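Take a look at the model below.

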Amino acid sequence: MSGWNTCPIPEDWYCRTAENTDDDEGAATDDEDTAQSRDQVVKYERIDVYWSKVGKMTRPTGERKYSALMKLARIALTLNHGNADVERGFSKNKLLLTSHRMRLKMPAINGLRTVSSYVSRYGSKPQSLPFSRHVLNSIRSSHTNYEEWKKKEKELKRKAEEDRGKEEAEGRQVDDLLKKKANSEVLLKEGMCLLDEAMKMKDKGRAMIKAEAANAIIQNARKALEDVETAISKRDSQSKKRKA
(Lines give C-alpha, C1' and ligand atoms only; values in the text may rest on other atoms or scores of the structure.)
Protein backbone atom coordinates (compact mmCIF):
# COMPACT_ATOMS: atom_id res chain seq x y z
CA MET A 1 0.00 0.00 0.00
CA SER A 2 2.92 2.38 0.63
CA GLY A 3 3.92 2.07 -3.04
CA TRP A 4 0.33 2.79 -4.11
CA ASN A 5 0.22 5.92 -1.94
CA THR A 6 3.35 7.32 -3.63
CA CYS A 7 2.13 6.38 -7.13
CA PRO A 8 0.84 9.35 -9.22
CA ILE A 9 -1.82 7.24 -10.98
CA PRO A 10 -4.47 7.49 -8.18
CA GLU A 11 -4.06 11.27 -8.08
CA ASP A 12 -4.53 11.53 -11.84
CA TRP A 13 -7.53 9.21 -11.63
CA TYR A 14 -9.24 11.26 -8.90
CA CYS A 15 -8.62 14.50 -10.81
CA ARG A 16 -10.03 13.03 -14.02
CA THR A 17 -13.08 11.67 -12.17
CA ALA A 18 -13.71 15.09 -10.69
CA GLU A 19 -13.47 16.69 -14.15
CA ASN A 20 -16.00 14.19 -15.51
CA THR A 21 -18.38 15.09 -12.67
CA ASP A 22 -17.99 18.79 -13.41
CA ASP A 23 -18.74 18.13 -17.08
CA ASP A 24 -21.93 16.28 -16.13
CA GLU A 25 -23.07 19.12 -13.86
CA GLY A 26 -22.42 21.67 -16.62
CA ALA A 27 -24.38 19.57 -19.06
CA ALA A 28 -27.42 19.71 -16.79
CA THR A 29 -27.83 23.44 -17.57
CA ASP A 30 -28.59 22.81 -21.25
CA ASP A 31 -32.02 23.64 -22.62
CA GLU A 32 -34.88 21.24 -22.12
CA ASP A 33 -35.06 19.97 -25.72
CA THR A 34 -31.44 18.97 -25.68
CA ALA A 35 -31.91 17.20 -22.33
CA GLN A 36 -34.85 15.24 -23.70
CA SER A 37 -32.93 14.18 -26.78
CA ARG A 38 -30.03 13.14 -24.55
CA ASP A 39 -32.40 10.98 -22.53
CA GLN A 40 -33.65 9.30 -25.67
CA VAL A 41 -30.34 8.61 -27.43
CA VAL A 42 -27.09 8.02 -25.56
CA LYS A 43 -24.00 8.38 -27.73
CA TYR A 44 -20.88 6.67 -26.48
CA GLU A 45 -17.42 7.63 -27.58
CA ARG A 46 -14.90 5.02 -28.69
CA ILE A 47 -12.58 4.20 -25.84
CA ASP A 48 -9.41 4.82 -27.85
CA VAL A 49 -10.76 8.20 -29.03
CA TYR A 50 -11.65 9.14 -25.46
CA TRP A 51 -8.21 8.30 -24.07
CA SER A 52 -6.56 10.03 -27.02
CA LYS A 53 -8.33 13.23 -26.01
CA VAL A 54 -7.36 12.72 -22.38
CA GLY A 55 -3.73 12.23 -23.37
CA LYS A 56 -3.69 15.52 -25.26
CA MET A 57 -4.89 17.53 -22.25
CA THR A 58 -2.22 19.86 -20.90
CA ARG A 59 -1.65 21.99 -17.81
CA PRO A 60 -1.20 25.78 -17.96
CA THR A 61 2.56 25.13 -17.94
CA GLY A 62 2.28 23.07 -21.13
CA GLU A 63 2.98 19.70 -19.47
CA ARG A 64 0.83 16.66 -20.08
CA LYS A 65 -1.97 16.63 -17.55
CA TYR A 66 -2.40 12.87 -17.06
CA SER A 67 0.97 11.40 -18.07
CA ALA A 68 0.93 8.67 -15.38
CA LEU A 69 -2.68 7.73 -16.03
CA MET A 70 -2.05 7.53 -19.77
CA LYS A 71 0.70 4.94 -19.25
CA LEU A 72 -1.80 2.73 -17.44
CA ALA A 73 -4.44 3.36 -20.13
CA ARG A 74 -2.03 2.39 -22.95
CA ILE A 75 -1.16 -0.85 -21.17
CA ALA A 76 -4.84 -1.66 -20.58
CA LEU A 77 -5.76 -0.91 -24.21
CA THR A 78 -3.13 -3.34 -25.51
CA LEU A 79 -4.62 -6.26 -23.56
CA ASN A 80 -6.73 -8.78 -25.42
CA HIS A 81 -10.23 -8.53 -23.94
CA GLY A 82 -11.52 -11.72 -25.54
CA ASN A 83 -10.47 -15.05 -27.01
CA ALA A 84 -12.71 -15.04 -30.07
CA ASP A 85 -9.76 -15.35 -32.47
CA VAL A 86 -8.39 -18.35 -30.59
CA GLU A 87 -11.79 -20.04 -30.44
CA ARG A 88 -12.30 -19.34 -34.13
CA GLY A 89 -8.99 -21.06 -34.87
CA PHE A 90 -10.05 -24.12 -32.87
CA SER A 91 -13.32 -24.26 -34.79
CA LYS A 92 -11.50 -24.14 -38.14
CA ASN A 93 -9.16 -26.93 -37.05
CA LYS A 94 -12.17 -29.00 -35.99
CA LEU A 95 -13.70 -28.57 -39.44
CA LEU A 96 -10.43 -29.68 -41.04
CA LEU A 97 -9.89 -32.73 -38.83
CA THR A 98 -12.87 -34.83 -39.86
CA SER A 99 -13.20 -38.54 -39.11
CA HIS A 100 -11.48 -39.35 -42.43
CA ARG A 101 -8.59 -36.91 -41.91
CA MET A 102 -7.47 -37.58 -38.35
CA ARG A 103 -3.94 -38.52 -39.47
CA LEU A 104 -3.15 -35.06 -40.84
CA LYS A 105 0.18 -33.75 -39.56
CA MET A 106 0.89 -30.18 -38.48
CA PRO A 107 2.50 -29.15 -41.82
CA ALA A 108 -0.64 -30.25 -43.68
CA ILE A 109 -2.94 -28.45 -41.23
CA ASN A 110 -0.86 -25.28 -41.44
CA GLY A 111 -0.91 -25.47 -45.23
CA LEU A 112 -4.70 -25.86 -45.35
CA ARG A 113 -5.17 -23.00 -42.90
CA THR A 114 -2.83 -20.78 -44.93
CA VAL A 115 -4.67 -21.51 -48.18
CA SER A 116 -8.05 -20.92 -46.53
CA SER A 117 -6.90 -17.61 -45.05
CA TYR A 118 -5.47 -16.47 -48.40
CA VAL A 119 -8.61 -17.38 -50.34
CA SER A 120 -10.79 -15.55 -47.79
CA ARG A 121 -9.05 -12.30 -48.78
CA TYR A 122 -10.73 -12.59 -52.18
CA GLY A 123 -14.22 -13.29 -50.89
CA SER A 124 -13.60 -17.05 -50.64
CA LYS A 125 -13.72 -17.24 -54.45
CA PRO A 126 -10.78 -19.28 -55.82
CA GLN A 127 -11.45 -18.03 -59.35
CA SER A 128 -10.63 -14.51 -58.19
CA LEU A 129 -7.13 -15.40 -57.00
CA PRO A 130 -4.19 -13.85 -58.86
CA PHE A 131 -2.17 -16.85 -60.09
CA SER A 132 1.41 -15.79 -60.70
CA ARG A 133 4.11 -17.90 -62.32
CA HIS A 134 5.55 -18.69 -58.90
CA VAL A 135 2.18 -19.96 -57.67
CA LEU A 136 1.69 -22.12 -60.76
CA ASN A 137 5.17 -23.62 -60.40
CA SER A 138 4.47 -24.35 -56.73
CA ILE A 139 1.24 -26.13 -57.68
CA ARG A 140 3.00 -28.22 -60.33
CA SER A 141 5.77 -29.26 -57.93
CA SER A 142 3.49 -29.84 -54.91
CA HIS A 143 3.08 -33.58 -55.54
CA THR A 144 6.82 -34.04 -56.05
CA ASN A 145 7.56 -32.14 -52.87
CA TYR A 146 5.01 -34.25 -51.03
CA GLU A 147 6.61 -37.49 -52.25
CA GLU A 148 10.05 -36.24 -51.19
CA TRP A 149 8.67 -35.31 -47.78
CA LYS A 150 7.16 -38.79 -47.41
CA LYS A 151 10.49 -40.37 -48.36
CA LYS A 152 12.31 -38.29 -45.76
CA GLU A 153 9.72 -39.14 -43.11
CA LYS A 154 10.06 -42.85 -43.94
CA GLU A 155 13.85 -42.65 -43.70
CA LEU A 156 13.65 -40.83 -40.37
CA LYS A 157 11.23 -43.45 -39.06
CA ARG A 158 13.51 -46.29 -40.22
CA LYS A 159 16.52 -44.66 -38.60
CA ALA A 160 14.60 -44.11 -35.37
CA GLU A 161 13.59 -47.79 -35.32
CA GLU A 162 17.21 -48.83 -35.92
CA ASP A 163 18.42 -46.59 -33.10
CA ARG A 164 15.71 -47.96 -30.82
CA GLY A 165 16.74 -51.53 -31.71
CA LYS A 166 20.41 -50.74 -30.99
CA GLU A 167 19.48 -49.21 -27.65
CA GLU A 168 17.42 -52.25 -26.72
CA ALA A 169 20.27 -54.58 -27.73
CA GLU A 170 22.75 -52.53 -25.70
CA GLY A 171 20.37 -52.60 -22.77
CA ARG A 172 20.16 -56.40 -22.94
CA GLN A 173 23.95 -56.57 -23.21
CA VAL A 174 24.36 -54.42 -20.12
CA ASP A 175 21.90 -56.58 -18.20
CA ASP A 176 23.84 -59.71 -19.18
CA LEU A 177 27.14 -58.17 -18.10
CA LEU A 178 25.70 -57.09 -14.77
CA LYS A 179 24.31 -60.59 -14.18
CA LYS A 180 27.71 -62.14 -14.98
CA LYS A 181 29.39 -59.70 -12.64
CA ALA A 182 26.97 -60.52 -9.82
CA ASN A 183 27.43 -64.28 -10.34
CA SER A 184 31.22 -63.90 -10.40
CA GLU A 185 31.16 -61.95 -7.14
CA VAL A 186 29.02 -64.65 -5.54
CA LEU A 187 31.49 -67.35 -6.70
CA LEU A 188 34.40 -65.33 -5.37
CA LYS A 189 32.78 -65.08 -1.95
CA GLU A 190 32.04 -68.81 -1.95
CA GLY A 191 35.65 -69.59 -2.86
CA MET A 192 36.95 -67.33 -0.09
CA CYS A 193 34.62 -69.05 2.41
CA LEU A 194 35.84 -72.50 1.29
CA LEU A 195 39.45 -71.36 1.66
CA ASP A 196 38.77 -70.14 5.20
CA GLU A 197 37.12 -73.45 6.07
CA ALA A 198 40.10 -75.37 4.62
CA MET A 199 42.56 -73.37 6.71
CA LYS A 200 40.59 -74.23 9.87
CA MET A 201 40.40 -78.00 9.17
CA LYS A 202 42.63 -80.29 11.27
CA ASP A 203 42.85 -83.03 8.65
CA LYS A 204 45.68 -81.78 6.44
CA GLY A 205 44.84 -84.08 3.52
CA ARG A 206 41.23 -83.04 3.28
CA ALA A 207 42.18 -79.42 3.96
CA MET A 208 44.59 -79.48 1.01
CA ILE A 209 41.96 -80.87 -1.35
CA LYS A 210 39.41 -78.29 -0.21
CA ALA A 211 41.95 -75.46 -0.50
CA GLU A 212 42.80 -76.47 -4.06
CA ALA A 213 39.11 -76.46 -5.00
CA ALA A 214 38.65 -73.06 -3.33
CA ASN A 215 41.66 -71.62 -5.20
CA ALA A 216 40.23 -72.89 -8.50
CA ILE A 217 36.88 -71.26 -7.77
CA ILE A 218 38.58 -67.99 -6.77
CA GLN A 219 40.75 -67.90 -9.90
CA ASN A 220 37.78 -68.60 -12.17
CA ALA A 221 35.68 -65.94 -10.43
CA ARG A 222 38.45 -63.34 -10.67
CA LYS A 223 38.99 -64.15 -14.35
CA ALA A 224 35.26 -63.76 -15.03
CA LEU A 225 35.21 -60.43 -13.15
CA GLU A 226 38.14 -59.15 -15.21
CA ASP A 227 36.40 -60.14 -18.44
CA VAL A 228 33.19 -58.42 -17.35
CA GLU A 229 35.03 -55.23 -16.30
CA THR A 230 36.89 -55.18 -19.65
CA ALA A 231 33.61 -55.59 -21.58
CA ILE A 232 31.91 -52.83 -19.58
CA SER A 233 34.87 -50.48 -20.08
CA LYS A 234 34.91 -51.19 -23.82
CA ARG A 235 31.19 -50.58 -24.13
CA ASP A 236 31.43 -47.27 -22.23
CA SER A 237 34.23 -46.03 -24.50
CA GLN A 238 32.22 -46.95 -27.63
CA SER A 239 29.18 -45.18 -26.25
CA LYS A 240 31.21 -42.00 -25.58
CA LYS A 241 32.59 -42.07 -29.14
CA ARG A 242 29.08 -42.33 -30.63
CA LYS A 243 27.84 -39.41 -28.53
CA ALA A 244 30.86 -37.29 -29.49
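Start at serine 184. Neighbours within four places in sequence aside, serine 184 is in contact with Ala221, Ala224 and Leu225. The model is a predicted one. Serine 184 sits in helix 9, which covers residues 142-200. Is this serine buried or exposed? Its relative accessibility is 6%. The cut-off for buried is under 20%, so serine 184 counts as buried.

Now step back to the whole chain. The protein has 244 residues, and 12% of them count as buried. Serine 184 belongs to that buried share. The accessible surface comes to about 20500 Å². Carbon and sulfur atoms hold 56% of that surface.

What is the secondary structure made of? It comes to 10 helices and 0 strands. Read along the sequence, the pattern is α-α-α-α-α-α-α-α-α-α. Contacts in sequence space tell another part of the story. Take the contacts between residues at least 6 apart in sequence. Of these, 48% join residues at least 24 apart.

Next, helix pairs. Two packed helices are described by the angle between their axes and the distance between the axes. Consider helix 4 (residues 47-56) and helix 5 (residues 67-78). Their axes come within 10 Å and cross at roughly 160°. Angles over 145 degrees count as roughly antiparallel, so helix 4 is roughly antiparallel to helix 5. The crossing of helix 4 and helix 5 is left-handed.

Which residues meet at this crossing? Helix 4 brings Ile47, Trp51, Val54 and Gly55. Helix 5 brings Leu69, Met70, Ala73 and Leu77. By class, this contact of helix 4 with helix 5 has 7 nonpolar residues, 1 polar residue and no charged residues.

Move on to helix 6 (residues 84-96) and helix 7. Here the axes come within 11 Å and cross at roughly 110°. The range from 65 to 115 degrees counts as roughly perpendicular, so helix 6 is roughly perpendicular to helix 7. The crossing of helix 6 and helix 7 is right-handed. On the helix 6 side, the contact is made by Gly89, Lys92, Asn93 and Leu96. On the helix 7 side, Ile109, Leu112 and Arg113 take part. By class, the contact of helix 6 with helix 7 has 3 nonpolar, 2 polar and 2 charged residues.

Follow the chain out of helix 7. A loop lies between helix 7 (106-120) and helix 8 (133-140), and serine 124 is in it. Most residues other than glycine have a negative phi. What is phi at serine 124? It is near 55°, a positive value in a residue other than glycine. Serine 124 has a relative accessible area of 52%. Exposed means over 50%, so serine 124 is exposed.

Leucine 129 is found in the loop between helix 7 and helix 8 as well. Its relative accessible area is 14%, so leucine 129 is buried. What does leucine 129 touch, not counting residues up to four places away in sequence? The partners are Tyr118, Val119 and Tyr122. Take valine 119 for scale: leucine 129 and valine 119 are 10 residues apart in sequence. In space they are 7.1 Å apart, C-alpha to C-alpha.

One loop thus holds both an exposed serine 124 and a buried leucine 129.

Notes: Residues numbered from 1 in each chain as written. Predicted model: local features only at pLDDT ≥ 70, side-chain atom pairs only at ≥ 80, totals over all residues. Heavy atoms only, no water. Axes fitted to C-alpha atoms, helices over the stretch in contact; angles between N-to-C directions. Helix = DSSP H or I, 4+ residues; strand = E, 2+ residues; numbered from the N terminus. Parallel < 35°, antiparallel > 145°, perpendicular 65-115°, else oblique. Left-handed = near helix turned anticlockwise from the far one by under 90°. Contact = heavy atoms within 4.5 Å. Nonpolar A, V, L, I, M, F, W, Y, C, P; charged D, E, K, R; others polar. Buried < 20%, exposed > 50% of the residue type's maximum accessible area, 1.4 Å probe, protein only. Areas by Shrake-Rupley, 256 points an atom, 1.4 Å probe, with all protein chains shown as cover.
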